[in-house]
Amino acid sequence: MAPSPHTSFDPSTLAKQSIKALESEIDTLRAYPAVVEWRDGARVGAREFKFRSMHPALRFAESIRGLIPGQEEEEMAEVVSMEHGETVLRFTHFDRPVLSNLRLEWENEFVPRKTRDEMVGLTKQEEWLQRTEVLGLLSGSEQEQNAFAASSPPPVMDPMLNASQRAAIHAALTKPCIYLWGPPGTGKTATLGHIVALSLAQGDRVLLVSNTNRAVDVVLKSACLALERNQVAIQPNRLTRFGDPVIDDDQIQGLAFSYQLEQIQAERRDQVSDEIQLLNRATKAKEALDRVAKGKKPSSTVQLEWELVQEALKPYGSLDELEELIDESVYTRERTEFRRKSLVATTLAKVSTSDLFRQHEFDVLVVDEASMAHIPQLLVAASHAKKRVIVAGDPMQLPPISVAEEPEARAFMELDIFSLVSGAKTSSALFEWHDQRRDVTFFFDQQYRMKDHLAKVISSVFYDGRLRTELAEEYTDGPPNEQHSRSIDNPPATIINTESKDPYVIQEEGERGFRPMNPVHSDAVSKTILKILEKGWSQNDIGVIVPFRHVANQLMRRWTQEGLGDLEVGTIHTFQGREKPIIIFDTVMSGDRSSSKGERHYTVRPLDETKNENPLHVQRLLNVACSRAKEELLIFADMRHIRKLYHDKTLGKLITRLSQVEDV
């Protein structure tokens with residue numbers, strides 16, 4: 001059962017829980033080595049290099065230094081992406097075709113430590129505690145929700161929005177706190193764009209945040225498009241992308257705060273160009289005079305130039321005073337420019353770690369991918385909102401990730417805001433919460449991305465049968481799917497049954513931990529990929545998802561040797577927020593023949609909800625794995641193993657409802 005519609009939480013108690021959990025997270029992160037050495041970084045873009053390595057602690061690193069052994073070169077680096085065993089780093093100046101050796105150093109616990117410090121500060125602010133209760137971020141009683149109600153929001157000009165999107169936009173402009181539940185392909189990003197644009201239209205200052213740089217860029221792009229569609233007149237310099245954009249888009253790159261500061265400084269330098277020329281001339285004349293040996297007279301040319309410079313400097317006083325005047329004219333105060341922005345788009349980590357956000361308030365906070373956000377970072381971001389908070393995400397996607405070793409702390413850090421507020425531990429409880437609170441929760445029930453057959457299965461298993469497929473006349477989260485002519489002779493969702501090939505699992509000798517391999521499945525997946533490529537698809541059209549990182553790494557090495565190095569293979573977590581025309585999901589597990597005692601069948605934690613404290617964990621994993629496919633989904637499964645162990649579990653129900661089953 002979901003909690004009552006008026007369940008509420010004490011912000012002070014929750015803040016103390018956050019601090020305690022963050023302390024445990026910090027202690028665990030400090031145990032990770034803050035130094036790694038990587039090899040063979042291939043250049044993939046301007047100052048960007050890809051390494052076939054990953055380190056979990058880099059996800060939390062705010063400041064990364066790159067050093068080339070044996071050289072004095074040192075560069076600052078940032079993580080562009082960490083996917084399926086590979087990391088892309090962007091450096092400030094490195095300009096070479098390959099980085100043969102690289103040493104990385106970073107502060108492990110920077111982000112959680114800064115977040116903890118912010119939370120400690122918030123617990124001392126009575127105003128924040130009161131505002132959190134008024135906004136209803138952690139409760140939602142009708143009295144609280146009417147506290148800041150507005151009567152006449154700007155009209156929505158986009159005719160392509162559906163009814164649930166329009167209702168959510170109206171609520172976002174009139175209620176202090178709402179929750180948007182947007183399954184994949186339902187137009188959540190487009191809706192958030194309109195919310196941002198119309199909030200700006202009614203004079204609000206907006207803080208737009210998400211977990212990842214890419215998600216921030218995508219929603220910011222949507223907001224820019226919505227500003228045009230709703231005919232909102234606002235100067236581009238009032239919008240900013242705080243941090244470094246990662247998508248290749250001229251408009252978004254031009255909104256980068258650092259770029260905007262550079263442009264302002266360039267304009268101001270132009271305004272004092274005469275003074276800069278005089279400064280350069282005076283500096284050279286003084287250097288020439290200083291080079292004259294003591295006891296010798298300067299040449300007439302040097303002396304004349306110095307006298308002319310001295311005459312030109314009189315209106316300014318002296319060379320030092322001229323230099324000070326130029327510095328004051330060109331210098332741009334970051335904080336001053338930051339406060340002039342009507343829209344700031346950035347990551348949750350930046351809000352917690354940048355001093356520019358200190359004592360800085362916004363009217364509206366918009367949070368995307370909120371279901372993946374840590375509660376402490378959400379609370380810090382919400383402390384900057386005066387009027388309204390819009391929380392958007394999908395609680396049936398992956399929750400936040402924690403490395404804390406202490407179980408209670410890890411459970412708290414992996415708790416998402418939807419589960420916290422609803423108290424739900426099952427999808428049915430989440431929908432019960434939504435049904436009880438339709439005034440402040442909005443479920444987007446029309447999907448535009450997946451083919452209808454696959455969408456119906458996803459809806460039935462993960463979304464209480466509430467999703468329906470609509471043909472998109474115009475794009476919402478992105479362009480509508482192109483109808484591919486390169487069929488792979490399968491319906492949108494197919495189970496590839498490997499049972500007849502007698503599959504089995506073995507664990508590699510000498511390896512610690514659970515590191516299974518299924519040779520039959522690996523061969524079957526490889527043969528299927530070759531058939532798909534023969535139909536005209538490219539390697540970049542295919543994504544291969546497996547439950548275990550070890551399997552992903554092994555397949556990556558195999559396919560690189562076989563000339564299939566452009567295939568993307570990774571765990572379910574690495575595909576969160578991404579999509580491919582074709583997704584192959586290999587369940588991997590069969591009977592284990594590693595022991596001399598014979599074959600043994602057992603379930604594994606990523607696929608068995610009974611082995612997880614929160615049953616939603618497996619539903620979320622399987623939902624992400626299946627909903628990444630735009631065109632075709634192929635699931636490789638040993639049906640004998642599935643029938644034996646998973647027939648009454650989510651995985652078994654999913655496979656049962658995917659009616660098309662083929663033998664390998």
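**Close-up views of a predicted model**

The aromatic pairs number 14 in this structure, which is a predicted model.

**View 1. W38 and F51 form a tilted aromatic pair.** The ring centres of W38 and F51 lie 5.5 Å apart, and because their planes meet at 45°, the pair counts as tilted. W38 belongs to strand β1 (residues 35–45) and F51 to strand β2 (residues 48–51), so the contact ties together parts that are 13 residues apart in sequence. W38 is buried, with a relative accessible area of 7%. F51 is buried as well, at a relative accessible area of 0%.

**View 2. Y179 and W433 form an edge-to-face aromatic pair.** Here the centres of the two rings are 5.7 Å apart and the planes stand at 75°, so the pair of Y179 and W433 is edge-to-face. Y179 is part of strand β7 (residues 177–181), whereas W433 is part of helix α18 (residues 427–436); the pair therefore ties together parts that are 254 residues apart in sequence. Both Y179 and W433 are buried.

**View 3. Four aromatic residues form one cluster.** The members of this aromatic cluster are W181, F431, F443 and Y463. W181 lies in strand β7 (residues 177–181), the strand that holds Y179.

**View 4. Helix α15 is largely enclosed by the rest of the structure.** Helix α15 covers residues 375–382, and eight of its eight residues are buried, which means that the rest of the structure largely encloses the helix. The buried residues are I375, P376, Q377, L378, L379, V380, A381 and A382.

**View 5. Six acidic residues form a negative surface patch.** The patch is made up of D320, E321, E323, E324, D327 and E328. One of these residues, E324, lies in helix α12 (residues 319–330). E324 has a relative accessible area of 46% and is therefore partly exposed, since residues count as exposed over 50% and as buried under 20%.

**View 6. E405 lies in a loop and is exposed.** The loop that holds E405 runs between β12 (385–393) and α16 (407–413). The relative accessible area of E405 is 65%, so this residue is exposed. E405 and S24 are 381 residues apart in sequence, but their C-alpha atoms are 7.2 Å apart in space.

Note on methods:
Residues are numbered from 1 along each chain as its sequence is written. This is a predicted model: local features need pLDDT of at least 70, side-chain atom pairs count only at pLDDT 80 or more; totals for chains, interfaces and linings use all residues. Side-chain values use heavy atoms; hydrogens and water are left out. Patches are made of residues with over 30% relative accessible area and no salt bridge: like charges are joined within 9 Å, nonpolar side chains (Val, Leu, Ile, Met, Phe, Trp, Tyr) within 5 Å. Accessible areas come from the Shrake-Rupley method with a 1.4 Å probe; for residues, only the protein chains shown count as cover. A salt bridge is a side-chain nitrogen of Lys or Arg within 4 Å of a carboxyl oxygen of Asp or Glu. Lys and Arg count as positive and Asp and Glu as negative; His and the chain ends are not counted. The place of a charge is taken as NZ of Lys, CZ of Arg, CG of Asp or CD of Glu. Helices (H or I, at least four residues) and strands (E, at least two) are DSSP runs, numbered from the N terminus. Buried means under 20% relative accessible area, exposed over 50%, partly exposed in between (1.4 Å probe, protein chains only). Rings of Phe, Tyr and Trp (its six-membered ring) pair if their centres lie within 6.5 Å; planes under 30 degrees apart count as stacked, over 60 as edge-to-face and the rest as tilted.
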